[in-house]
Amino acid sequence: SDVYKRQSITAAAGKAIVTGAEGMAVEVVAADGKVVASLTGGAYTSIPLAPGFYIVKAGDKVAKVAIP
């Protein structure tokens, strides 16, 4: 079962990277509260983002990321 698989959310230059989110809802919210990305995740999901601070949700995992 994939229920116990852990999602990983990391920041890289110009993007957020979500791994282990196969079939899960992935949402990126900017610091001002606007949803800037909403998609279905995969084993490796790269989301291009402008520099700034974001909240990234993948399944039941939530992380704050700073994009340089």
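What share of the contacts in the protein with a separation of 6 or more comes from residues 24 or more positions apart? Such pairs account for 46% of those contacts, where a contact means heavy atoms within 4.5 Å.

The structure is a predicted model, in which local features need pLDDT of at least 70 and side-chain atom pairs count only at pLDDT 80 or more, while totals for chains, interfaces and linings use all residues. Residues are numbered from 1 along each chain as its sequence is written, and side-chain values use heavy atoms, with hydrogens and water left out.

**Overall fold**

The protein has 7 strands and 0 helices, these being DSSP runs numbered from the N terminus (helices H or I, at least four residues; strands E, at least two). Of its 68 residues, 32% count as buried, with buried meaning under 20% relative accessible area, exposed over 50%, and partly exposed in between (1.4 Å probe, protein chains only).

**Strand 3 and its partners**

Two strands are taken to pair if DSSP finds at least two bridges between them, and strand 3 (residues 25-30) pairs with both elements listed here.

**The salt bridge**

The structure holds 1 salt bridge, defined as a side-chain nitrogen of Lys or Arg within 4 Å of a carboxyl oxygen of Asp or Glu. Lys57 forms this bridge with Glu27, and the closest N and O atoms are 3.7 Å apart. Because Lys57 lies in strand 6 (residues 52-58) and Glu27 in strand 3, the pair ties together parts that are 30 residues apart in sequence. Lys57 is partly exposed at a relative accessible area of 34%, and Glu27 is likewise partly exposed, at 26%.

**The nonpolar core**

A nonpolar core is a set of buried Ala, Val, Leu, Ile, Met, Phe, Trp, Tyr and Cys residues joined through side-chain atoms within 4.5 Å. The largest one has 16 residues, and those with the most contacts inside it include Val28, Tyr54 and Val56. Strand 2 (15-19), strand 3, strand 6 and strand 7 (61-67) each supply at least two residues of this core. Setting aside residues up to four places away in sequence, Tyr54 touches several residues, among them Val28, Val36, Leu49, Val65 and Ile67.
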